[in-house]
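Open the model in your viewer and keep the selection panel at hand. The tour starts at a helix contact and then moves on to charged pairs.

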Amino acid sequence: GEIGLDYYLAHPDKAAQQALFEAQLRLARAFELPALLHVRRAHADVIATLKRLRPARGGIVHAFSGSYEEAREYRKLGFYLGLGGAGTWPQARRMHKMLARIALDDVVLETDAPDIPPASHAGRRNSPEHLPAICADLARRMGVEPEALAEAAYRNSTSLFGWQA
């Protein structure tokens, strides 16, 4: 499951979240498991924590919508950027700028179903069946062919989880 920090709430208990996040990162490190990060309005604190605790296998920043600078910091720490429907929305300008600068080796694809549908399915429940449309839109914004993005995301996922390709 996802672990991390969520400061989107009106009055987050940052100290409690931080303590739990650190305990979960220690477990991931002890069992040599990748961490799947949930980060909302907390990139600076998550990055600082990762620099201090260094999970053994890196992981994925789920539903990443941060800046290029944040993306670069996560990659230095061994984390892939989980990309999904958020990057397909016209108003996601900061994300579009980030997508134009990152490499195929930086990403995995995800849907976050039933949440965060692509713009092409606005107002509807998200589904894994939308992944090809998400991939095509993100690939266009990255300046690559959808097949290249899909292959890279597959390669990155299998590498992270230690699956046989």
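Begin by selecting His43, Val46, Ile47, Leu50 and Lys51 in α2; they are in contact with Glu70, Glu73 and Tyr74 in α3. This contact is made up of four nonpolar residues, one polar and three charged. Bear in mind that the model is predicted.

**The two helices**

Now show α2 and α3 as cartoons. Two packed helices are described by the angle between their axes and the distance between the axes. Here the axes come within 10 Å and cross at roughly 20°. Angles under 35 degrees count as roughly parallel, so α2 and α3 are roughly parallel to each other. Check the handedness too: the crossing of α2 with α3 is left-handed.

**Glu73 and Lys51**

Stay at this contact and display the side chains of Glu73 and Lys51. They form a salt bridge, with 3.0 Å between the closest N and O atoms. Glu73 belongs to helix α3 (residues 68-76) and Lys51 to helix α2 (residues 43-53), so the pair ties together parts that are 22 residues apart in sequence. Lys51 is partly exposed, at 42%.

How many salt bridges does the whole structure hold? A search finds eight. Two further stops follow.

**Asp137 and Arg140**

Jump to helix α5 (residues 131-142) and select Asp137 and Arg140, which are three residues apart, about one helical turn. Their side chains meet in a salt bridge, 3.3 Å from N to O. Colour by accessibility here. Asp137 has a relative accessible area of 17% and is buried, because buried means under 20%. Arg140 has 56% and is exposed, because the cut-off for exposed is over 50%.

**Arg26 and Glu22**

Last, go to helix α1 (residues 14-30). Select Arg26 and Glu22, which lie four residues apart, about one turn of the helix. A salt bridge joins their side chains at 3.8 Å, N to O. Glu22 is buried, with a relative accessible area of 14%. Arg26 counts as partly exposed, at 39% relative accessibility.

Asp137 and Arg140 sit about one turn apart within α5.

Key
Residues are numbered from 1 along each chain as its sequence is written. This is a predicted model: local features need pLDDT of at least 70, side-chain atom pairs count only at pLDDT 80 or more; totals for chains, interfaces and linings use all residues. Side-chain values use heavy atoms; hydrogens and water are left out. A salt bridge is a side-chain nitrogen of Lys or Arg within 4 Å of a carboxyl oxygen of Asp or Glu. Helices (H or I, at least four residues) and strands (E, at least two) are DSSP runs, numbered from the N terminus. Buried means under 20% relative accessible area, exposed over 50%, partly exposed in between (1.4 Å probe, protein chains only). Axes are lines fitted to C-alpha atoms, for helices over the stretch in contact, and angles run from 0 to 180 degrees between N-to-C directions. Angles under 35 degrees count as roughly parallel, over 145 as roughly antiparallel, 65 to 115 as roughly perpendicular and the rest as oblique. A crossing is left-handed if the near helix is turned anticlockwise from the far one by less than a right angle, and right-handed if clockwise. Contact means heavy atoms within 4.5 Å. Ala, Val, Leu, Ile, Met, Phe, Trp, Tyr, Cys and Pro count as nonpolar, Asp, Glu, Lys and Arg as charged, and the others, Gly among them, as polar.
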